[in-house]
Amino acid sequence: MMTSIFEYPKQELQLDLVAHGFKKYLAEQIFDWIYVKNIYSFDEMTNISKPDRIKLQEHYTIEPLKIAVQQQSKDGTVKFLFELADGYKIETVLMPQNYGNSVCVTTQVGCNMACTFCASGLLKKTRNLSTAEITQQVMMVNRYLATVGERVSHIVVMGIGEPLDNFENVINFVNIINDPKGYQIGARHITISTCGLIPKIKQFADLKIQVNLAISLHAPNNSIRNQLMPINKAYPVEKLIDAVRYYIEQTNRRVTFEYILIDDVNDSRETALELAKLIRGINAYVNLIPYNTVAENSYCRSTKINQFFETLQQQKINCIVRREFGHDIDAACGQLRAKNEGIIRK
Ligand code: SAH
């Protein structure tokens with residue numbers, strides 16, 4: 001069976017190469033060609049012997065993803081729709097920032113978390129993305145950026161899917177892009193966002209890696225959170241907060257709480273006070289996100305964003321209001337879903 005070369009963190013690639021009779025050091029050369037030099041053909045890897053190059057082609061695929069659609073927003077955001085080998089389509093968004101180029105990657109085809117406000121969950125999960133398919137999203141954006149002499153510097157794992165529901169592949173992906181002889185994207189430049197899968201948060205904490213963790217909190221109590229996020233019935237708020245404390249103990253990292261503000265659902269002053277009380281003393285900051293309306297539900301954007309922000313500030317809670325990107329091309333947060341199902345399905 002041929003495997004994609006983008007599937008392997010360096011150590012795994014070394015093991016696989018040796019198992020196929022290659023020398024271990026080839027891994028370093030291959031990483032340099034694909035992740036540093038943006039070369040995607042074994043033939044062009046001129047410091048590798050011809051027989052080895054031919055043999056590599058017999059064992060590994062190296063093809064890039066197929067671009068189905070590429071859209072550019074007025075604010076510089078670029079949305080890519082990629083077609084996978086089995087015909088499913090996934091979305092990736094490039095957001096140029098003043099500190100670098102941030103890319104939002106997708107981890108699953110569809111999502112099973114069924115958050116009631118989110119457009120992604122309208123398509124149930126069909127399958128996890130492989131490590132290679134997640135890595136290739138970054139590779140494709142890097143290939144695009146190379147034409148203007150730039151590269152991807154930051155990753156947010158906030159596209160379609162629940163990353164911690166595809167744990168192993170997401171961690172392998174992190175190891176690949178974090179490799180100092182590859183893309184060199186520092187752990188602190190990588191953010192993984194979760195709806196709150198408690199056992200996986202603990203597993204993630206135990207890895208003690210320096211990647212940023214963002215928690216999609218969206219409500220300070222179970223009655224509101226149950227309405228918004230069905231996963232809360234399995235993993236309620238107070239237990240989630242315990243898991244966050246555990247994560248901080250293990251890693252010493254500050255966490256981010258994401259909080260979308262929805263009109264008359266989770267945006268009252270009382271709710272802000274309740275949120276402040278819930279997270280007081282935790283090493284965290286709150287990222288307030290103006291809700292992006294989606295056609296399939298009746299939620300609206302809050303009209304009290306400033307009041308909510310100011311209430312948290314008065315309560316001495318660290319918080320910011322998140323900038324929006326790509327509104328005009330439906331690339332804004334939570335809209336990473338093709339308008340009609342036919343686009344994503346085969
Ligand atoms: N499953 C993961 C990551 C994907 S969602 C998670 O839940 O965190 C990335 C972020 O976008 C989450 O915080 C999610 O709640 C938010 N989001 C989803 N739909 C949104 C919308 N319509 N407007 C604003 N944010 C949204």
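Working chat on a predicted model

Q: Ser102: buried or exposed?
A: Ser102 counts as buried, because its relative accessibility is 3%. Buried means under 20% relative accessible area, exposed means over 50%, and partly exposed lies in between (1.4 Å probe, protein chains only).

Q: What kind of model is this?
A: It is a predicted model, where local features need pLDDT of at least 70, side-chain atom pairs count only at pLDDT 80 or more, and totals for chains, interfaces and linings use all residues. Residues are numbered from 1 along each chain as its sequence is written, and side-chain values use heavy atoms, with hydrogens and water left out.

Q: Where is Ser102, and what does it touch?
A: Ser102 is in strand 6. Not counting residues up to four places away in sequence, Ser102 touches Val93, Leu94, Met95, Gln97, His154 and Val156. Contact means heavy atoms within 4.5 Å. Strands (E, at least two residues) and helices (H or I, at least four) are DSSP runs, numbered from the N terminus.

Q: How many bridges join strand 6 to strand 9?
A: Strand 6 (residues 100-104) and strand 9 (residues 154-157) are joined by 3 bridges and run parallel. Two strands pair if DSSP finds at least two bridges between them. Cys104 stands opposite Val156 in strand 9.

Q: And what is the order of strands in the open sheet?
A: The open sheet has 10 strands with mixed pairing, in the order 3-4-5-6-9-10-11-12-13-14. At the edges are strand 3 (66-72) and strand 14 (319-321), each of which pairs on one side only. Direction ignored, neighbouring strands are turned by 20 degrees against each other on average.

Q: OK, helices. At what angle do helix 6 and helix 9 pack?
A: Helix 6 (residues 198-207) and helix 9 (residues 237-251) pack at about 5 degrees, and their axes are 8 Å apart. That makes helix 6 roughly parallel to helix 9. Angles under 35 degrees count as roughly parallel, over 145 as roughly antiparallel, 65 to 115 as roughly perpendicular and the rest as oblique. Axes are lines fitted to C-alpha atoms, for helices over the stretch in contact, and angles run from 0 to 180 degrees between N-to-C directions.

Q: Which residues of helix 10 are buried?
A: The buried residues of helix 10 (residues 269-279) are Thr271, Ala272, Leu275, Ala276 and Ile279. They cover an arc of only 145 degrees around the axis, which puts them on the same side of helix 10. The arc is that of the directions from the helix axis to the C-beta atoms.

Q: Why would residues three or four places apart point the same way?
A: An α-helix has 3.6 residues a turn, so residues three or four places apart point the same way.

Q: What about the other side of helix 10?
A: Glu270 and Lys277 are exposed there. The buried residues pack against helix 7 (222-228), helix 9, strand 12 (255-261), strand 13 (284-290) and helix 11 (305-314).

Q: What follows helix 10?
A: Gly281 does, with a positive phi near 85 degrees.

Q: Phi of Asn252: positive or negative?
A: Asn252 has a positive phi of about 65 degrees, although it is not a glycine. Asn252 is in the loop between helix 9 and strand 12 and is exposed, with a relative accessible area of 67%.

Q: Last one: where is Arg188?
A: Arg188 is in the loop between helix 5 (167-178) and strand 10 (190-194). Arg188 and Gln210 are 22 residues apart in sequence and 6.0 Å apart in space, C-alpha to C-alpha.
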